[in-house]
Amino acid sequence: MAETKHFPVEESKETTELGKQHYRNRAKKLKRSKFLPNAKRFGKRNSFGRGFELEQVEYNYLVSILEAMTKQKDTEERQLIANNVMGQLKGKEMRTALNQVGSRVLENLLVYTGEETFATLTDFFADNFRVFCCDLFASHVLQKMLHIAMLRAVAPLQPEKDEQDSQQQSQKKRPGSADWNVNSVWPCVEYSMKEQYSDDHRQKCRQFVERMAKFLVNNLEEFVWDTKANFVIRQCMLNLSGITEKKAVEGSESKHLAVPEQWQKLLNEFSARLLSWPQFGDLAHSDLTAVMLQDLLRAVAVTGDVFQLEQLVSKLYKEVFRVKKKDKKEEPNQDEKPDEPDLPNVFRNESIERLLELCIVVAPAQFLKDKLFARLFRGHVKQLALSRTCNFAVQKLIDHTSDKDMMDLIFGELEDSFEKLLHVGHTGVLLTVAKACVRLSCQQGKFVKLFLDALHCDEVAPEKMIMAFLYLIPVNITPLNPPKIHLHGSLILQAILDFNKPIKFVTALLGISNDRLAEIFIDPRGSFIANAFVQGRSVGEKSREKLVRHLEGQYCHLALTAHGSRVVEIMYEAGNAAQRENIVHELAEQCAQLNNKPWGTMINKRLLVDTYKRDPARWRVAIKNDAKVGKMFSKLMDGKKRKLES
């Protein structure tokens, strides 16, 4: 009997699933959702918000307005409320902005205010920049006003989008995005960009943004170290580059708006002023200022100013990443072992390490290869990949590697540590390696062999091999609890199906019993394996048809689940005419059950299951007509829609 093992308790707990800040972030979300009830409760206790103390009547009025806007969905009603409330608060803007509840109300109202009211507010804010920048609550109002002024100013500069693009964007809105929640009073980018404003008002908004930027540049030495003003500086730099979403810039995928050329010069002033500081290297050692440098990198990268970007990353490389501290010894990482070589100092400070990760994302390819990789990572990749905090930098490095020779060197350092990476739970590193093997078409056979060895499943049954990949648990290890499909395991298998020679895994998937395969496809993480199988560049047409045939008898089971129903559609598109009819015939037997589920109803409508149940001949005619219409649309779309039919 094979030796049976199990993972240690600490490795199977949430520490490998949840991030370091998970509980803190969750507490922040709960706190935000309870803001209004808390404001009401504190008002009853005669505590009228933090910050500037308001009178009870003023405080209760602001709470009632916040509640009314939360309930109000109609845009015109919101505009009316905003203008009426701003009229009531005229002359009280300062004290309102300095109060916790008041600042929240102003943030929500600003986007819906009319031209005259907004212009008056910009003049008032411009005359009191210093007060608003350095206050805990008023600084948030200033950030929001800066953002809205930017949107109003640059809206006419954006290229026009056709109706289909706007429809696709509206369909992509998901829970958690700024535009998704219709009950939310927070302003959305879409509203500010679509609303019609006069040219004079747009010019006024542009002048406000430029005046704000010049004020911050002139007071940069003072405001950089101030917690509140630092956020305003970051907001201003991002706005000058047209960034509306605070996300890491991923090359061409970054979303930003077209901005006036003058704004790029203002952004360069921020960069030049910081680069000329004698204390520039110290900025990276503090979380507050290091994040500001990250935002500056994002902004400069988006503008496409290669010279300015190279200056910035070169300065960081010389004065931050390559500096060796001799006088002050920092405590070593807990992940390091005494007998292993010391890591560069850049990996001993979390703030600098996060800054390095962003440099990897935005740096030119040659600089990444010759400087960042050659001087900081080479010879330490394995040690960094096994480190709890540093493995993310390795993932960034692999994700943005575009040179095969460089990838070969990275792979060479990691090839004997696959099993260790699985054991410590750093499966993200293995996923990035798999994606790089697909992207660069290199080391694919070796990756599969090493991964099979790490999971001890080179010579096992097809089902055991596939499940070992999906669970990321070696076959000779018995987990304490029933395992679930690992997200990274599913993504690695999807990447392998896109390799040049995925025949071993194609055969293994087809060798699994159809009921077990259906269970995998029903899982939200496992369902995307069907996509990878059908869309794989090296998966043959016959193999696709075999999979469609293999799942016969399970389509009703799949269609009655949320994720399985999507797999039914994928298999329908991948099959030939006869197989498509077999799928619909099977679904027609349980047509009534399909209509009991929303996803089943969608399947019914898209595949015309009701029509087939009544008259199969009529269904064949309807499907042919739909196919003709689809071909016409694919020609109009220049073949953007993937053609599945042969």
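The structure is a predicted model, in which local features need pLDDT of at least 70 and side-chain atom pairs count only at pLDDT 80 or more, whereas totals for chains, interfaces and linings use all residues. Residues are numbered from 1 along each chain as its sequence is written, and side-chain values use heavy atoms, with hydrogens and water left out.

## Helix H7

Helices are DSSP runs of H or I with at least four residues, and strands are runs of E with at least two; both are numbered from the N terminus. A residue is called buried under 20% relative accessible area, exposed over 50% and partly exposed in between, with a 1.4 Å probe and protein chains only.

Among the buried residues are Val101, Gly102, Ser103 and Arg104. Glu107 and Asn108 also belong to the buried residues of H7.

The N-terminal end of H7 is capped by Asn99, which places a side-chain oxygen 3.0 Å from the backbone nitrogen of Val101. A polar contact is a pair of N or O atoms within 3.5 Å; within protein, one atom must be able to donate a hydrogen and the other to accept it, and residues adjacent in sequence count only if both atoms are side-chain atoms.

## Aromatic rings

A pair of aromatic rings is described by the distance of the centres and the angle of the planes. Rings of Phe, Tyr and Trp (its six-membered ring) pair if their centres lie within 6.5 Å; planes under 30 degrees apart count as stacked, over 60 as edge-to-face and the rest as tilted.

The structure holds 17 aromatic pairs. In one of them, the ring centres of Phe124 and Phe125 are 6.2 Å apart and the planes stand at 70°, so the pair is edge-to-face. Phe124 is partly exposed at 26% relative accessibility, whereas Phe125 is buried at 2%.

Phe347 and Phe377 also form an edge-to-face pair, with 5.3 Å from centre to centre and 70° between the planes. Phe347 lies in the loop between helix H19 (306-321) and helix H20 (350-362), while Phe377 belongs to helix H21 (residues 365-377), so the pair ties together parts that are 30 residues apart in sequence. Phe347 is buried, with a relative accessible area of 1%, and Phe377 is buried at 0% relative accessibility.

One aromatic cluster is formed by Phe411, Phe418, Phe447, Phe451, Phe469, Phe499 and Phe505.

Charged groups also meet aromatic rings. A charge sits over a ring if NZ of Lys or CZ of Arg is within 6 Å of the ring centre and within 35 degrees of the ring normal. The charged end of Arg152 sits over the ring of Phe118, 4.3 Å from its centre. Likewise, the charged end of Arg234 sits over the ring of Phe231, at 4.5 Å from the centre.

## Salt bridges

The structure holds 21 salt bridges, each being a side-chain nitrogen of Lys or Arg within 4 Å of a carboxyl oxygen of Asp or Glu. Three of them are listed here.

| Residues | N to O distance |
|---|---|
| Lys204 and Asp123 | 2.9 Å |
| Glu210 and Arg206 | 2.9 Å |
| Arg516 and Glu463 | 3.4 Å |

Lys204 is partly exposed at 27% relative accessibility, and Asp123 is partly exposed at 35%.

Glu210 and Arg206 both belong to helix H13, 4 residues apart, which is about one turn of the helix. An α-helix has 3.6 residues a turn, so residues three or four places apart point the same way. Glu210 is buried at 14% relative accessibility, whereas Arg206 is partly exposed at 27%.

Glu350, Glu353, Arg354 and Glu357 are linked in a network of salt bridges.

## Cysteines

A disulfide is a covalent bond between the sulfur atoms of two cysteines. With the cut-off for the pair of sulfur atoms set within 2.5 Å, the structure holds 0 disulfides. The cysteine sulfur closest to that of Cys236 belongs to Cys133, at 9.2 Å, which is too far for a bond. Cys236 is buried, with a relative accessible area of 1%, and Cys457 is buried at 0% relative accessibility.
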